[in-house]
Amino acid sequence: MSVLVTSKLGSLKRPVPLTQRKLSGEPYVRFADVETQITEVIQSPIGEWPRIIFRDTRRWKTQTLVYLARQSIAQEQVFGQLLSEILRRASKVLGHLDKVFDPTTLELIDAELAKTLAALIVIEIPTRTSEYLEIDFKGKVKQLAHKVTAAYKAHPAPNQILISSKHGDRPDPLEAIPSDDTPYSLLAAKTDRGLIRRLLKAVTDDRHRKAFILRKMRDWPMYDEDSTVPSVLRHFGLRPEQRRTVQYWIERAEKQMREAYGEEQ
Amino acid sequence: MITDPNLTFDDVMTFILEEKVTPSHEHLLQWIRRYPQFSEELADYFAEWAVQEEMDGEVVAEARSERFTNIGVSHALNLLHVRKAKAVPAAKAQATTIAQLCKAAGLNLASLAQRTRLDEELVMKLDLCRIMLSGIPRRLVEMLAVTLGVSIAEVWHVLSGPPRATSRGALQKSRQRAQVKTESFEEAIRASNLPLEQKNKWLRSIDEGTGPP
């Protein structure tokens, strides 16, 4: 977070530059449109900012709001309004987690993410992570989500998802679908991303889905003798002789996806 | 590869954002080679990324969004309140005048005068250390300590500073070394605009004991 509100250039107040550097050594720089928006707002006293912003909220980049929130910390009411809008936008980036985690785990993840993000916005000494929120807010929020959810890879317990199958009183998809060669090449070739996403959502166990994605779509090896090479088995904390378990998970995911594909035709 | 030992995994994550990286196994291996100290974190991170990349685009329920926002705002305000609470003792610790102690306690000289039943001019004289220490009633110092939320020793400490002029400008007007007038507490009370009854109370307090213990 920048320490001063503004540095003056002539009579026009300018945003305080970021302080961190990229891996290449180049200084962090906000995008020009964000700088322009910030410059526009900070010409007015802080008490005026909510009126300016909330007159047409959608016009403002979230990176702009992060800068303004940081500069308005001393004025709790202004800060609260800006932070609410920032967090509301952040929550919209996390919709996919609904499909990956059970409701209890999701609540824990949401709480941890909301607190992490809030702490980064009010941080006293800026870091690369905190300043990147003024460069690529959405990208950074997604990253934080990947990091937080990685700690929950063992959730939910295996039987939780199976119990909460969304198929209701319809027959078990594995009974209904023959295991022949339904066009799977569409998935492998990734020709229709929307279709792939819809089919993946039909997989009811997140471990089955993850095993499928890592093995079939991201080319993770099932197992590698070299312990420094990440593999599907190691990721799930399984031994090489448990290879069959993961194969079963992948087959099950494929069957559920075939069923969903069949329903779309 | 030699890397900065102070580098955190959060830094590495931000580097990933700076480059065109996809959650493929090939890229994962590249990043593990660059930052072997974070190999486990990177593997978990890439695995989550790969899954969430394919599950993107879902609409968030309003209730979930609201809960997320409330938790975040509440947490931020808590952090700021804790920070503020820490900053006040720090300000007190650095205070060298009555005015600074007032500020740290969220008061001004006028409100301090009102709470200690003095007049503002007298409080200002105390702030400028123009009242001789030996004649200041201990009862007054106790009242100041309670009102300002500091110890009695701290109040004596700030009152014992060198007498100061009202402003820096006043010191500069004379070519000679500035003489800052001091007086006893009794003289200051008698010269004050306090009601007679209040003056008498303070004069009686002098008999109860004055000066630092």
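Two residues are in contact if their C-beta atoms, placed from the backbone, lie within 7 Å. The legends below describe a predicted model.

**View 1. Contact of helix α8 with helix α9 in chain B.** From α8(B), the residues V141(B), E142(B), L144(B) and A145(B) take part. On the side of α9(B), they meet I152(B), V155(B) and W156(B). Sorted by class, this contact has six nonpolar residues, one charged residue and no polar ones. Two packed helices are described by the angle between their axes and the distance between the axes. Here α8 (residues 138-148) and α9 (residues 152-159) of chain B pack at about 110°, and their axes are 8 Å apart. Angles of 65 to 115 degrees count as roughly perpendicular, so α8(B) is roughly perpendicular to α9(B).

View 2. L159(B) counts as buried because it has 20 C-beta neighbours inside 10 Å, and a residue is buried at 20 or more. Apart from neighbours within four places in sequence, L159(B) is in contact with L126(B), C129(B), L133(B) and I136(B). The C-alpha atoms of L159(B) and D127(B) are separated by 7.1 Å, although the two residues are 32 residues apart along the chain.

**View 3. Helix α6 of chain A and its buried face.** The 19 residues of α6(A) should span 27 Å at 1.5 Å a residue, and the distance of 27 Å between its end C-alpha atoms agrees with this. Buried in α6(A) are L106(A), I109(A), D110(A), L113(A), A114(A), L117(A), A118(A), L120(A) and I121(A). Seen down the helix axis, the buried residues of α6(A) fall within an arc of 160°, so they line one face of the helix. An α-helix has 3.6 residues a turn, so residues three or four places apart point the same way.

**View 4. Helix α3 of chain B, residues 39-54.** This helix has 16 residues and reaches 23 Å from its first C-alpha to its last, close to the 22 Å expected at 1.5 Å a residue. Its buried residues include Y45(B), F46(B), W49(B) and V51(B). E48(B), Q52(B) and E54(B) are also buried in α3(B).

**View 5. The side of chain A that touches chain B.** In this pairing, 54 residues of chain A are in contact with 42 residues of chain B. The elements of chain A that give two or more residues to this side are α4 (76-92), α5 (97-100), α6 (103-121), α7 (128-132), α8 (137-150), α12 (193-201) and α13 (206-217). By class, the side of chain A that touches chain B has 23 nonpolar, 13 polar and 18 charged residues.

Notes:
Residues numbered from 1 in each chain as written. Chains lettered and ligands numbered in written order. Predicted model: local features only at pLDDT ≥ 70, side-chain atom pairs only at ≥ 80, totals over all residues. Helix = DSSP H or I, 4+ residues; strand = E, 2+ residues; numbered from the N terminus. Nonpolar A, V, L, I, M, F, W, Y, C, P; charged D, E, K, R; others polar. Expected span 1.5 Å × (residues − 1). Buried ≥ 20, exposed ≤ 12 C-beta atoms within 10 Å, placed from the backbone. Arc of directions from axis to C-beta. Axes fitted to C-alpha atoms, helices over the stretch in contact; angles between N-to-C directions. Parallel < 35°, antiparallel > 145°, perpendicular 65-115°, else oblique.
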